[in-house]
Amino acid sequence: MTKIITLKLHSGSLKMGFHISLEIAEEGKPAYLQKSGDLPANNQLYDEIRLLEMALNSAPHRTRLETTKNQVKNVSEPDNCAKATQRVIQLFNQWLTSETFNSVRDELLIAIAKTRKSIRLLIATDDIVTQRLPWHDWKISTDNSHLEIGFCGHSYKQIQPAIKFNKKVKILAIIGDDSGINPADDLKVLAKYGAAITPLINSTKSEVIAHIGKPEGWDILFFAGHSHTEESRGVLKINDSEYLTIDDVKNSLKSAIFKGLQLAIFNSCDGIGLARDLANLNIPQSIFMRQPIPDLVATIFLEYFLTDYTGGNSLYLSVRNAREKLEEFQADFPGVTSFPVIYQNPAVIPPTWQQLRWGRGKLHQVMLAIGVILGILLMRYLGLFAGLELRAYDHFMLIRPPEGQDDRLLIITVDEPDIQYQNQQEMTREGSLSDAAFSQIIAKILPHQPRVIGSDIYHDFPVDRHYPEVASFFKNHPNFFAICQDSDRDNNHLGIAPPPEVAHTRLGFSNVLVDTDGIIRRHLWYMNPSHDTPCPTNKSFALQVALSYLEAEGIQPEVTPQGYLKLGGVYLTALERNLGGYHQLDTRGYQMLLNYRSGAIADTISLTQLLTESIDPNLVSDRIILIGNIAPSYKDFHRTPITPSFQIHHQTAGVFIQAQMVSQIISAVQDNRPLIQPIPRSLEIIWILAWSSLGGVVGWRVPGGMRFYFTVGGIIVIIYSICFVSFLAGYWIPLIPSGLGFALTAIILTNRDSATWKHNHHILTAREWAFFALPPPPLTVFMIFLNRIFVGIFALPLALNTSDLQLSDSRETQPYRAFPDSEYIREPLNFRLPDRGRPGDRTSQAGGRGNCTKDTQITALVPSQNWGYTLSDRPSFWFYLTASKDSSWSAEFELQDHQKNRLVELSLTVNPGLIEVTLPEDIALEAAETNYSWRFSLICEPSDRTGDLVVRGQVLKRELDQDLQAQIRDKFGRDLALVYAANSIWFDLLTLVMKFREEQPQNPLYKEDWQELLEAIGLSQ
């Protein structure tokens, strides 16, 4: 992932000076550091750059510069150009060491020193003279090969990507006037790299305009020939008599950019005006020559660049590599290595060669998104979301607002104390409820005229002859209903018979439907009993009770032509096989989803209370009385959406489930309480497609960074809310497929560089998803689940994409104070010595042999234990060589793993003073509990290695755990050094302090840090 550094030169000029602001960010993320400063006016530099331009314009070699009528034609010798170039470079670098700019420069140096990633340094200015300065010869640029400089203006906007998929990169190659040069040679170079080239050679203006605006569009616009800049406007000479400006083709270029034009290459002289004019049209990037370029050099640069670029390197690295290879022409053409420059739209991530033909819209992402949507629909069809959807159903059921009790019911419970009470009263019983107790129940409640009585306790034996009143009640009471259980041949269960005295018309089966996860979500109302069943009824116990209650209201059941049950004005639609979260559901019988009431379903009274205490008549009168067992010893408990626990005392007793079923039927008919129904399959598909399509729109249109994530999170909250509100209204809408489809398509179609799919990803953790914790906690879990699904299935985490770009400079910048000023109170580093390792072998002194005199000494800059931590894959190892003579020594460095395998063996040439040894690029230490051993040998006598000065030690790469990661996050400069010191991260701390000293050798703060580190490990200055 690239680091983006933007140096903004606000309104001003070389003659007036500039106010400066620095912004540093990771590609695809908002700036994490800002700093402000000033650059003073520099009239001398202004005059010298003008003189240099005159010298270059009159150079005696063939260039691609169109000579204007007013141009001076005196010939300038190469030596004069070289001197003028050096004067400008010297003055330029002195200008960038101005005291008012130091704080910005220091921050910039630290940011560069802290990363080995590629760096894109953008100089944001609208001043054309400043853009002509040799920024590539700035010492910061020349010293850091992983950094490349580009220009940009202060105003820009992101162009929405076009959708295209080309087999080859499409190049419109305009070859202009060739007077005195050979621009056609560039066509031969372009042809080497497999692009589809459309050449326009010495074409007319109308032909150029027509080709640029062609409907198929272009990936690269290329021009070779004569060009120049008049004031700030770029001019191309397209044939021997016609000139072309960007304004002449503005509309065609806008159309081409909209269709996917991503790169313009002006392999011609003085193209800065052309690049600026194109930037006003928001072209993603262009490459131009900021000074007159020799004809031969222009062609060679193009070949160097395309070789690198088509070989897989980034646009910026390819330009840098090509520039540096022009060094062979530096003697004849001074300053030529800094002539090629990139002009960048900061709102766009530069494409690779492969991405050029895909277009910034990346049709492959569209195809992937479509594949994901179809995959989600297929997974939905195959029932792969069934478990998650059922959990969403349970979640919605659980968090619904309480509806209150159903006052039409009273439940008489039989618990363990009630069983003991019956035993104490010497009531003979065969189950949990004795006939004696039942006799007292009917005696107690019948005077208050209950409307319906139902017993949810099995009584598959005759009534005790001592209680004929119970037998008579069973046989004759028209509104009493008893239970039995149908046989289950699949589970070898023979069923349970009803009381012999109860008529078949007043029986109801007690069978319930348990889903594969052990939870009761459905209500079985009706079924055809088995031919050998002991339970001769086709209606459920709850249905019988409810129908009896409603019959008193004059409501009779009807069967519609479609076979559905109708009660009053309510249609009770049966559950279908593949609707809702279910797949291939066994829908035999007449099933519906059970709409549980949260909280207590009805008033309850225990058997003992009923028999021993007076009862309020209002609890019984005109109500449904259900009698049921809640004693744990009888194990009539079940898991439900509102009581999903596996512990029996947290589950729901069977009588309460029967009460829920009865209440659901009656409430639907009398109160219009909604019955939960899945939406039809066709609407499910439309629902999922609609949200998935919206996800694509969000990914396509919404800028990246936290704005993207808040948008995605906000819309997921909307999906969640719609599903929940619909659930309250009685409609079960799929949450998981729609939310997953939306999130995945949004992420896939996010406009970002595909390099972020391969390098360091910003994977959202539960802590980061806490931004979205405003909805109920289960929703947060759902969002984390979406992230982990994406990581697990596609191996692509939720990666942040293009940054929340600042499109103007209107806001005030708040500098990040990484470097203290004179009023800063210094916090000591306080390096914590490690508690591992053993003293010895960090210093070795010569005995006066060979090249080593007696005062020659090598010291490893490590703690006295010769051991230290690192967080880096390739830490630097530091040594100090003391010697009386200033000469070079041969040395060796060796690194072994814990099994003594030699990983690194370096031959070095060293001089007295500080020595830094860096590991090769192909070596990366692994975090483990075992040490790596290193050895540094100073060779005093090559023919006799027994006299080598040898120091040894060990290094351990520390695991970056959550605690340390939290400490390091957002730490920079010396704040980061303090964290390293507190955690004994020696090697990284020392390297950081060394970089500070190197960049600011006179800074007293860093002098104190250096001295403090040496004292902490027992070494003196």
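Which residues form a negative surface patch? In this predicted model, the patch is made by Glu929, Glu959, Asp961 and Asp963. Let's pick out one member and take a look at its setting. Aspartate 963 sits in helix 26, which covers residues 962–968. With a relative accessible area of 52%, aspartate 963 is exposed, since the cut-off for that word is over 50%.

Leu378, Tyr381, Leu382 and Leu384 make up a nonpolar surface patch of about 420 Å². To find leucine 384, go to the loop between helix 13 (363–382) and helix 14 (386–399). Leucine 384 counts as exposed too, at 54% relative accessibility.

Now for the charged pairs. Side chains of opposite charge can pair when their charged atoms come close. How many salt bridges are there? The count comes to 39, and a few of them are worth a visit.

Start with arginine 87 and glutamate 48, whose side chains meet in a salt bridge at 3.1 Å, N to O. This pair links distant parts of the chain: arginine 87 belongs to helix 2 (residues 78–95) and glutamate 48 to helix 1 (residues 43–57), 39 residues apart. Arginine 87 is partly exposed, at 37% relative accessibility, while glutamate 48 is buried, at 12%.

Glutamate 324 forms a salt bridge with arginine 320, and their closest N and O atoms are 2.7 Å apart. Both residues lie in helix 11 (residues 315–325), where they are 4 residues apart, or about one turn of the helix. Is arginine 320 buried or exposed? Arginine 320 counts as buried, because its relative accessibility is 4% and the cut-off for buried is under 20%.

Then head back to helix 13, where arginine 380 is found. Arginine 380 forms a salt bridge with glutamate 684, the closest N and O atoms being 2.8 Å apart. Glutamate 684 lies in helix 21 (residues 681–701), so the pair ties together parts that are 304 residues apart in sequence. Arginine 380 is buried, with a relative accessible area of 8%, and glutamate 684 is buried as well, at 1%.

One last stop takes in a whole group of charged residues. Asp394, Asp515, Asp517, Arg521 and Arg522 are linked in a network of salt bridges.

Methods:
Residues are numbered from 1 along each chain as its sequence is written. This is a predicted model: local features need pLDDT of at least 70, side-chain atom pairs count only at pLDDT 80 or more; totals for chains, interfaces and linings use all residues. Side-chain values use heavy atoms; hydrogens and water are left out. Patches are made of residues with over 30% relative accessible area and no salt bridge: like charges are joined within 9 Å, nonpolar side chains (Val, Leu, Ile, Met, Phe, Trp, Tyr) within 5 Å. Accessible areas come from the Shrake-Rupley method with a 1.4 Å probe; for residues, only the protein chains shown count as cover. A salt bridge is a side-chain nitrogen of Lys or Arg within 4 Å of a carboxyl oxygen of Asp or Glu. Lys and Arg count as positive and Asp and Glu as negative; His and the chain ends are not counted. The place of a charge is taken as NZ of Lys, CZ of Arg, CG of Asp or CD of Glu. Helices (H or I, at least four residues) and strands (E, at least two) are DSSP runs, numbered from the N terminus. Buried means under 20% relative accessible area, exposed over 50%, partly exposed in between (1.4 Å probe, protein chains only).
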